[in-house]
Amino acid sequence: MFSSNEQFKQEFIDRVERMSGKSFADSSERDQYQALGNMVREFASQNWISTNEQYRYSGTKQVYYLSIEFLLGRLLKHNLLNLGIEKIVEESFTELGISLDAIEELEADAALGNGGLGRLAACFLDSLASLGLPGHGCGIRYKHGLFEQKIVNGYQVELPEHWLRNGHVWEVRKLDHAVEIPFWGHIESTMENGRLVFHHVNAERITAVPYDMPVVGYKNKTVNTLRLWNAEPSAYPIHKDILKYKRETESVSEFLYPDDTHDEGKILRLKQQYFLVSASIRSIVRSYRKQHISLQHFHEHVSIHINDTHPVLAIPELLRFLIDEEGYGWDEAWEITTKTISYTNHTTLSEALERWPIRIFQPLLPRIYLIVEEINRRFCNELWERYPGDWKRIENMAIIANEEVKMAHLALVGSHSVNGVAQIHTEILKQREMPLFYEVFPNKFNNKTNGITHRRWLLKSNPQLASLISEAISDEWIAKPEKLELLMEYQDDSLFLEQLSKVKERNKHKLVETITAKTGIALDPTSIFDIQVKRLHAYKRQLLNVLHIMHLYNRIKEDSSFSITPRTFIFGAKASPGYYFAKKVIKLINTVAKKVNEDSEVSKYIRVIFLENYRVSLAEEIFPAADVSEQISTASKEASGTGNMKFMMNGAITLGTMDGANVEIFERVGNENIFTFGLSADDVLRLQKQGGYRAMEYYQHDRRIRKVLDQLVNGFFSEEQNEFEAIFDSLVAHNDQYFVLRDFSSYVDVQSKVNEAYRNQNEWWKKSLVNIAKSGHFSSDRTIQQYANEIWRIRSNSNVL
Ligand code: OX2
């Protein structure tokens, strides 16, 4: 049905009419979207079936990527591209007078994630399939993804998100693969044939129903699976109050927790975690069994990866299965389990470290708790033998201590590989955060610097740049992103640099249209687009960015001879609904934006925009239009960052601290193609050890700082005098935990360097080109190949297909 335009059009028209019951002329865009989505899914199904069969019959090792979040965004165009049919569809649509862009707009973003961690999981799925690697995702089918953000009077307001309102064309419900997950109840044991057997009595069961989505590889016939679990009432409930039971059951897959790098610690969250893990392991084992290989060899055929600690209960759950259901002894089950499971750590922030009070954990998961206790007992015994008498150390390393279960410790002990997500992050894990574990398990620790899929973040979102690149160096970079390096030859080609600048200009125009349509604010596409888009968090320091804008405002007002290249500061950020400080920063950005944009003198030079409801589909318009990429976290706090890579790949220049993957971007592009500033991670960690620095002195001695900080509380930017008191206090009274004032001066200096650099256009586009050329390393294809070779030990099947 996709072999010629004519054939496609005929099939499409028939499909629209059959599905909608209307004539094609009367059909709506939604009817057309539904028909196209169905056609594309069916088309992918042929390869989906053959990929699955091939995996099953070859006995090839497969990896399952367990993640509480998958931030997928839209799939229509992505699937068309990967299936290699976007041309036929686009041309046929044009012939039919339909706009593919308009049709795409009807697809809701699948926002089953918060930020970097969830988007990384989505990029990894694309790379796994595109490299022909046998790897699948396992997650939760949240009814409501990340909340929709509205800005009302400058404040964030959250609305529930409804991505399933009109159904989701990419998913297939697989009721016959449903499994039952037990919670609550208690454990009884009996002796059977000289063996202790455990029975989970009076458990409340929840049915987990899988919804599968095809994960289409780039033009290679591989179609892997993303399996998302939906929580439904069991057919055999033991509850007396059926309605209450139904409500409670469905709530397990109702909402995504809207926190990023913060642990909620609620019982429902633990329920979600076990629900995901137990359902996934049951289905992994079920498909393993179809291969008729003994479970003794499980780890030779299956790898299970846990994305942060949220799915760490995979460890006790796999043990439970092997021991209770398969009759393995502890030692053998332990060996199989640890050899199967690997773990990624995504943050060193202490507020994100998951710990569960025993009083919550034990009653909800009684058998799993017993197993965790046994893991802990054995681990502490080993430590006692290695460090006799060193109680303090053992207490610090124990999995259960102070009435809590420490999930990171469980992950470190029960897996064979622990990786950080950027070099500097992995070093911090080894040397500062987990040195005791590093001493005991030095070989487990390794680094896998994050990556992004260049197919979505360049090929799909920036087609004009993609064409320019392909014209210059052929389209080989799509399969081999490291080939982007060939662009280095064009550094001194002024014609090419000119074309590059034109592509950027067009992308900026497009973003301006979107912004103006939404906000009514006119923007200057020739100004520098300076962009910070990411979750709002104190450590990411959006505040530093705003304080600098306030300072620029003051300079323009104070000094009539002061002039800069016009700059448009763009922000996009969601704050966790309960994060008071983050919400205040959003209000501050909007307040400053209003003051700046309404001031005729100041707005000649600077404009400030806060983009509502930042999400994947909006991000795809933003990155291609950026000149400057703000990556200004307090050094040591941002494990990696992945937005930094998306900006770079689209030719923006990073303005950043030496933190996370910025360090590796710096190493690749060289000092002249990046703007760095501020304290180093070592400086920050040293100062923190000393109890911080004297923020008050910076307030007292730096006139620029005093002026902007006073403006926070003297009513200058807000009629409501104490609106920003909490921000003022965080900096001065609470001694500026994130070193904002300490880095202020250095940030102002580097911003003025950016201003200077932009004046030399030829040099600027050269920098931009170098950034694109060096970005191939940050493709998630490279990252995934490293996971495949060094952790999972899986091989590509594409040659077999
Ligand atoms: C994020 C990290 O904050 C970010 O630095 C990293 O790039 C991303 O994960 C992907 O590795 N929740 N979100 C993160 O960590 C946690 C926990």
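This is a predicted model: local features need pLDDT of at least 70, side-chain atom pairs count only at pLDDT 80 or more; totals for chains, interfaces and linings use all residues.

These are my notes on what I looked up, in the order I looked.

**Entry 1: domains.** Domain 1 is made of 1–58 + 79–108. Domain 2 takes 59–74 + 109–450 + 785–792, and domain 3 takes 454–681 + 702–710 + 745–778.

**Entry 2: domain 1 against domain 2.** I checked the spacing of this pair and got 35 Å between their C-alpha centres. How many residues of domain 1 are in contact with domain 2? I get 19, and they meet 21 residues of domain 2. On the domain 1 side, α2 (29–58) and α3 (76–83) each put in at least two residues. The largest share is that of α2, with twelve residues. I also sorted that side of domain 1 by class: five nonpolar, nine polar and five charged residues.

**Entry 3: the six-stranded sheet.** Next I traced an open sheet with parallel pairing, and its strand order reads β22-β21-β20-β23-β24-β25. Which strands stand at the edges? They are β22 (606–611) and β25 (675–676); each has a single partner strand, so one side of each has no neighbour in the sheet. I zoomed in on the β25 end, where β24 (residues 653–656) runs parallel to β25 and two bridges join them. L655 has F675 in β25 as its bridge partner. Then I looked at what packs on this sheet and noted helix α22 (residues 542–558), which touches β20 (528–533), β21 (567–572), β22 and β23 (628–631). The direction of α22 makes about 150° with that of β22.

**Entry 4: the three-stranded sheet.** This open sheet is antiparallel, and I read its order as β15-β17-β16. β15 (355–357) and β16 (400–401) are at the edges with a single partner strand each, so here too one side of each is left without a neighbour in the sheet. I followed β16 to β17 (residues 404–406) and found two bridges in the antiparallel sense; I400 is partnered with V405 in β17. Helix α15 (residues 407–414) packs on this sheet and touches β15 and β17. I get about 45° between the direction of α15 and that of β17.

**Entry 5: a hairpin.** I moved on to β5 (residues 148–152) and β6 (residues 155–159), which run antiparallel and are joined by five bridges. I151 sits opposite Q156 in β6. The hairpin has two residues between its strands, and I flagged N153 for its positive phi near 55°.

**Entry 6: a helix pair.** Last stop: α8 (residues 267–289) packs with α10 (residues 314–325) at about 45°, and their axes are 9 Å apart. That angle makes α8 oblique to α10. Is the crossing right-handed or left-handed? I have α8 passing α10 in a right-handed crossing. Which residues meet here? From α8 I listed V277, S278, I281 and V285, and from α10 A314, E317, L318 and F321. By class, this contact comes to six nonpolar residues, one polar and one charged.

Conventions. Residues are numbered from 1 along each chain as its sequence is written. Axes are lines fitted to C-alpha atoms, for helices over the stretch in contact, and angles run from 0 to 180 degrees between N-to-C directions. Helices (H or I, at least four residues) and strands (E, at least two) are DSSP runs, numbered from the N terminus. Angles under 35 degrees count as roughly parallel, over 145 as roughly antiparallel, 65 to 115 as roughly perpendicular and the rest as oblique. A crossing is left-handed if the near helix is turned anticlockwise from the far one by less than a right angle, and right-handed if clockwise. Two residues are in contact if their C-beta atoms, placed from the backbone, lie within 7 Å. Ala, Val, Leu, Ile, Met, Phe, Trp, Tyr, Cys and Pro count as nonpolar, Asp, Glu, Lys and Arg as charged, and the others, Gly among them, as polar. Domain bounds come from an automatic or database domain assignment. Two strands pair if DSSP finds at least two bridges between them.
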